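Work through the exercises below with the sequence and the coordinates at hand. Each task is followed by its solution.

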2 protein chains.
Amino acid sequence: MKTELNPDISKALAALAGKTIANVFLVACGGSLSIMHPGKYFLDRHADKLNSDVYNGDEFVCRNPRRLGSESVVILCSQTGTTKETVRAAKHARERGATTIGMTLDAKSPLAEAVDHVVAYQAPYTTGIAIDAAESNYGVLYMILAGLLRQVENKDVVASLLKSLSHLQPAIDKAHIQYTAMFDTFAERFQDRNVIYTTASGVNYGACYSFSICVLMEMLWINSQAIHADEFFHGPFEVVDKNASFISFIGLDETRRLEERTRDFLFKYGDKKNILVLDAANLQLDGIDDAFKGYLVPLIFFDALWKFAYKLAARRETVMLDGRRYMKKISNY
Amino acid sequence: MKTELNPDISKALAALAGKTIANVFLVACGGSLSIMHPGKYFLDRHADKLNSDVYNGDEFVCRNPRRLGSESVVILCSQTGTTKETVRAAKHARERGATTIGMTLDAKSPLAEAVDHVVAYQAPYTTGIAIDAAESNYGVLYMILAGLLRQVENKDVVASLLKSLSHLQPAIDKAHIQYTAMFDTFAERFQDRNVIYTTASGVNYGACYSFSICVLMEMLWINSQAIHADEFFHGPFEVVDKNASFISFIGLDETRRLEERTRDFLFKYGDKKNILVLDAANLQLDGIDDAFKGYLVPLIFFDALWKFAYKLAARRETVMLDGRRYMKKISNY
């Protein structure tokens, strides 16, 4: 089991030693942006002083927050390192004097070229190669933030995080087995649906967002929205009828009661047969510290849900990834 | 024309004089939450030091950011002042030592009782009484934030804001006339649609969100999502075909090029007949300072779009407001 942060993370943090750091900007697009939400949740829950903001890459460049400057750390992420908006955001942040850390699979990509410090991670979905989820985008982002927190505010949760991450992959593997039958059932039920909503709050919101826009919409061409579990009651719930299809995330962070309330409403006014519930209370999380269970749940949910997406795709006769009409197929958009 | 902030705002700010203020939390639910996004945009663009965060009321309570404390100002909003999550958020913030400012129509409501300072505003939609949009939720929030900025950072845009707000209502009245024919056309085209998306970025994102969840979903039972104009290209755009229905907001803030790019894509790969475009470049904004045009555009769009919603409702035989199944009709959810 690791007892220290990855060398590239330690190196990036060492370069920040002694610097005043006032704020952290978490910047990316789409699926890579989705991991930044739990990153901010972690800082909100742990940091006495460090402020953090989450922005889409191009929104960040145009909005150009005045607070961005030499006391800022900007953490960016792009799997291929070629996302133009994110590369532009990195260049913009450096021009404003901020320190930039870029997470990417490719150490020679445009994002890697554009940032002060490159941090690697692993991704299972596109390569098909088995990885350790501890080294995924979420895992590495948590490592960077826990390291930053230790360095800037002298609050050390690094050992607990690393221990918890070392038990993550077995928890994911067990979840896959646990969800197999339920996913088969719901793939059949959802195969012809035109609209499928996802709902979550807190740490889970990012995974809920990513599954909605990057999987349901992008790869399966199903209409969707990631509805925040409490915002649900301030408008969206009016679309609920017995045919409404939802994927309901129930996690273990401090907002769990919001997610439970949404599920309870959906069970009462929708039809249970159309509500796919992932409840982390039923997961086997041996070895993960209580303090990190909530943070690691969305990794488990999202990894598991990929299997569901493929099952759904098989029934819809959509070829995942190749099902795209526009992304990486057309240029100049 | 007013040359100073409303008395209740000045009084709230006077009580803050001399206090160290490190951060601003903007907290509400649903439609009232939607105005907080442009509020944060304003602070991001203008404040050298003031950090700001936008949270749903219950998310805020459960997440309970560590930075919340005696150096925090928490601005909350609830039209009736009875939104339970927002009232709970106000109480929570006061317990943590923050100064709370509550925006509500009802000075005797639970929210008014729960906060340190009550600030009034006007709302046209529920009362049916004509108001001056300068005194709407957006207008009043901007006044609070401009006042706070002047007091805390000695940067004074109050006169420019007040002058601009004084020219807002005429601009809205002109927009209503300008959009009449287009809204008639699109109400007919969209009358049977099952899914209508909205898209925007920057200052407009809040109005885009509110129209999606509080009007299309809540009052017309139409499936929807408010898609951020750049996030659109990182997943959501794959659902676009010739039948896809969108309402595209094009504003005058620094993110305008993001919104234009989305519109251009929709025109190319969708069908122009199904893309309702509101472009602020065509609005008559006489008297509004250039620096505030971008900030006031979403008020104009949103006010105008209410008329569109009623036209759509008439064709769908949905009775607006009474069309709700759950909100204010059932209890204990």
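**Exercise 1: the interface**

Task: state how many residues of chain A and of chain B are in contact, and describe the side of chain A.

Solution. 52 residues of chain A are in contact with 52 of chain B, contact being C-beta atoms, placed from the backbone, within 7 Å. At least two residues each come from helix H3 (36-46), strand S2 (51-56), helix H4 (57-63), helix H10 (205-217) and helix H11 (256-269) of chain A; helices (H or I, at least four residues) and strands (E, at least two) are DSSP runs numbered from the N terminus. By class, the side of chain A that touches chain B has 20 nonpolar, 15 polar and 17 charged residues. Nonpolar covers Ala, Val, Leu, Ile, Met, Phe, Trp, Tyr, Cys and Pro, charged covers Asp, Glu, Lys and Arg, and polar the others, Gly among them.

The model is predicted: local features need pLDDT of at least 70 and side-chain atom pairs 80 or more, while totals for chains, interfaces and linings use all residues. Residues are numbered from 1 along each chain as its sequence is written, and chains are lettered from A in the order in which they are written.

**Exercise 2: the fold of chain A**

Task: which secondary structure does chain A have, and what are its spans along the principal axes?

Solution. Chain A has twelve helices and nine strands. Its C-alpha trace spans about 55 × 45 × 40 Å along the principal axes. Among contacts between residues at least 6 apart in sequence, 76% join residues at least 24 apart.

**Exercise 3: one residue**

Task: what does A:Leu76 touch beyond four places in sequence?

Solution. The partners include A:Val27, A:Ala28, A:Thr86, A:Met103 and A:Val115.

How values were computed. Contact = placed C-beta atoms within 7 Å.
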